[in-house]
Every structure is written in C-alpha cells, then in structure tokens.
Amino acid sequence: MIPTHPAPCDPPGLLLLLEGELAPPAQAALERHLADCPSCRATLDLLAGDDRWWDAARRNLTPQPGPAGATPLPPGFPGDPVLPVGGGRLGPFEVEGEIARGGMGVVLKAFDPALGRTVAIKVLTTALAQSGPARERFAREARAAAAVNHEHVVAVHSAQADGDLPYLVMEYVRGRSLQQQIDETGPLGLEEVLRVGAEAAAGLAAAHARGLIHRDVKPANILLEDATGRVKLTDFGLARTIGEPGVTHNGAVVGTPHYMSPEQGRGAPLDARTDLFSLGSTLFAAYTGVPPFRGETPLAVVRAVIEDDPRPLAGLRPDAPPWVGALLARLLVKDPARRPRSAEQVADLFARCLAYVRRSGSTSLPACLRPPRRRGWWMAAVSHGVVAVAAATT
C-alpha cells in the first residue's frame, strides 16, 4: 500500500510553483511537502512537462544563427516567439534543436565549438530551477552519471548547476530510444531482446559497481545507436548511492509505474536488485510491445506490480520459446531475494543465450548451456525445453 502523508496537498500551489509566483515562505513550505509526498511529485513532473516553461527557457537562450538544416525549437504557447533555425546559444554551446522532453526538463542537440563535437544538453526547466529539491536532484543526476564510465552508459562531459538555467552536457547518441523503436517498428525479435538485455545489464552492472542504483530503468531510458544498435543507458535522475539515507527512506515512491519494482511501489528499502526487476519489465515490453502489468490509473498499475502476476508471455508472443518466459519471469519475481544476485550475472547469462541462438540458429536452449558454478551465479537447467532459473549456492 502506498503510504500517506500528513500535510495537505495543494494542486493550485504546484501550478504557482511552476509559474514562479509563490512567495518564498510558501515555496519553502511546498518544497518540504514535496519531499514527503510522492503523489504531488508525480503531479509536478506531469505539469512541468507542459510547454509553458519554454518561454522562460527561451529568455535564457541568446538568438544565434546555426548550421543549415538544423531543426528549430518548437513554439511554446500562442504568442511565444520561435527561435531561428539553429535555436540559439546556451553558454558556449550552439543549440541546434530539441531531442526530447520530460517532467524535469528538455534535452537539446547542440554543437560544442571548443571541441568540435555534437553534444546533448539536458536543461532543467526554469520553473523547477527555482526549487531547491529539483536542483538537488538535477545535481545528483550529474554526479551519478559522471561517476560511471562504460560503453553502455551515456557519458557525461560537464555540468552547469549554478546558473539561472542548470544544464548537463552529455554524449550525443545518434539514434532512438527503445520506446521509440517499439512504437515505430513493433516488438523486437528474440536475438535483439537478448542483446539489449545483455548490454543494458552490463551498463547497470557498471553503475552498481560504483555504488549507484538507477531506479528508473524503462524503454525510454535505453538508447539504441543508429549504426550499431548498441545500448546506452541514460537519465540517472532518480539514481541514489547504495546505502545513502534517501534510498532506504520509507514512503518515497519513485520511478515509472509500469516499470517500477514492487519494493518501489511499497516505498520500501531498495538495493540494486530493484533495477533488475525494472529491466525485466523493460525486456518484456520490448518483446511483446506492452508492459507486463496494466491498470486504468497509475495507482492501479502500482498495485498490479505489487500484487499481480505478469501477463502471460505466451498469450502475447505465441512464438516465444518457453525458456524466454522463464528467463524474464526470474527477473520479475516479487521478492528481491529470489531475483538474480547481480546485473553482472544477468548480463552474462543473456550474452550466453544470445551466443547460442546466433551460433545454432535454434531457439531451443540446450541443457549444456550453464553459467560456471561459482559463488553468486544462477544456473540454467533445461527440462523438456523449459529453462528453470535458480540462484546458485555454494
């Protein structure tokens, strides 16, 4: 059950916060309420995704001609001027256009003239930039992402957190998100799902090795490079250091409902295995086109994640080998203690499955395909074509 909070919610106050029209004492009180109220934080994220804050963002962008063919930034609301092609300048960077946007801000494509390279810049909304908790979360994302250096994690080059419009300068990935891939071309094939699973788990293993849990693994936060299809994990906005007090603070519900873990939905203490559940939900969606849990409202989805079994894979992908369902089901176990012990284990097993399927051309996994029997490895045992995955013990 999602915990309640004592202070009353104030939806009109959220709008005033976004518009920057709250008096300092009222803003401070609302920020304290947001720290304890997951419902209002979710509402604020949705409201902040509105185009209205573009006006303030444009005031921080100096009009500057850009390269031919660049995509102009979209208009905000009626009467809001459109920046010229090339967008303008943000600090030393020449803005070329928009890549994506969400509740916390917008991601821009830009050119770094000093190093002669294209970069992606995540800009915090001007309204949220006035909020202490939002700034703290943004700065935390910069620190978390910069701490991880791995081929399957989007690299962070630098951050500007002190100005009127905080921003994060990242590696530009020429490609699309896994969510866009699903929306545009439909579910992925078996080999692609196994490859994405192996590479995403490898990126998570690198983050976990640095003491970080992502807490918002979902198709929209997995990027696929155009040329190679290589996976890049992005958006560590909800990341926390393992063992940090904020991670184990009961009552804090964070993440995206369809892809959060049961312990996230309950506001329970988290460890790295929460990312494995979210990865399982993400791969389920990649293979079937729909998330494993459903509900009419976000709250109903959270309850389904906590209480219900995933949708039957066979009903959504009749061509799925039985062992694939067992593989995903192992990631989607409600009890974290019964999931694989590490992302490294998951990456290794998915990579082994992928190598066999590619080599043999068969979707039947042989009993001989087993990870080494050493501490922490989970084993694949095949019986009548069904893989039963169990945590190995020593």
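In this predicted model, helix 10 (residues 273-288) packs with helix 13 (residues 322-331) at an angle of about 145°, and their axes lie 7 Å apart. Helix 13 also packs with helix 14 (residues 343-360), at an angle of about 170° and with the axes 12 Å apart. The chain as a whole contains 14 helices and 13 strands.

**Helix 10 with helix 13**
- From helix 10, the residues L276, F277, G280, L283, F284 and Y287 meet V324, L328 and L331 of helix 13.
- Sorted by class, this contact of helix 10 with helix 13 comprises 8 nonpolar residues, 1 polar residue and no charged residues.

**Helix 13 with helix 14**
- The angle between helix 13 and helix 14 is about 170°; the two helices are therefore roughly antiparallel to each other, the cut-off for this description being an angle over 145 degrees.
- Helix 13 contributes W323, L327, L328 and L331 to the contact, while helix 14 contributes V346, L349, F350, C353 and V357.
- By class, the contact of helix 13 with helix 14 has 9 nonpolar residues, with no polar and no charged ones.
- L328 and L331 of helix 13 take part in the contact with helix 10 and also in the contact with helix 14.

**Helix 11**
- In helix 11 (residues 298-307), the buried residues are V301, V302, A304, V305 and I306.
- These buried residues of helix 11 pack against helix 9 (262-265) and helix 10.

- T288 lies in helix 10, whose range is residues 273-288.
- The relative accessibility of T288 is 10%, so T288 counts as buried, the cut-off being under 20%.
- Apart from neighbours within four places in sequence, T288 is in contact with P187, L313, L316 and R317.
- The side chain of T288 reaches the backbone oxygen of V290 at 2.9 Å.
- Between T288 and P318 the C-alpha to C-alpha distance is 10.0 Å, with 30 residues separating them in sequence.

**The chain as a whole**
- The chain has 394 residues, and 49% of them are buried.
- Among contacts in the chain with a separation of 6 or more, 60% involve residues 24 or more positions apart.
- The accessible surface of the chain amounts to about 17500 Å², and carbon and sulfur atoms account for 54% of that surface.

Key
Residues are numbered from 1 along each chain as its sequence is written. This is a predicted model: local features need pLDDT of at least 70, side-chain atom pairs count only at pLDDT 80 or more; totals for chains, interfaces and linings use all residues. Side-chain values use heavy atoms; hydrogens and water are left out. Axes are lines fitted to C-alpha atoms, for helices over the stretch in contact, and angles run from 0 to 180 degrees between N-to-C directions. Helices (H or I, at least four residues) and strands (E, at least two) are DSSP runs, numbered from the N terminus. Contact means heavy atoms within 4.5 Å. Ala, Val, Leu, Ile, Met, Phe, Trp, Tyr, Cys and Pro count as nonpolar, Asp, Glu, Lys and Arg as charged, and the others, Gly among them, as polar. Buried means under 20% relative accessible area, exposed over 50%, partly exposed in between (1.4 Å probe, protein chains only). A polar contact is a pair of N or O atoms within 3.5 Å; within protein, one must be able to donate a hydrogen and the other to accept it, and residues adjacent in sequence count only if both atoms are side-chain atoms. Accessible areas come from the Shrake-Rupley method with a 1.4 Å probe; for residues, only the protein chains shown count as cover. Angles under 35 degrees count as roughly parallel, over 145 as roughly antiparallel, 65 to 115 as roughly perpendicular and the rest as oblique.
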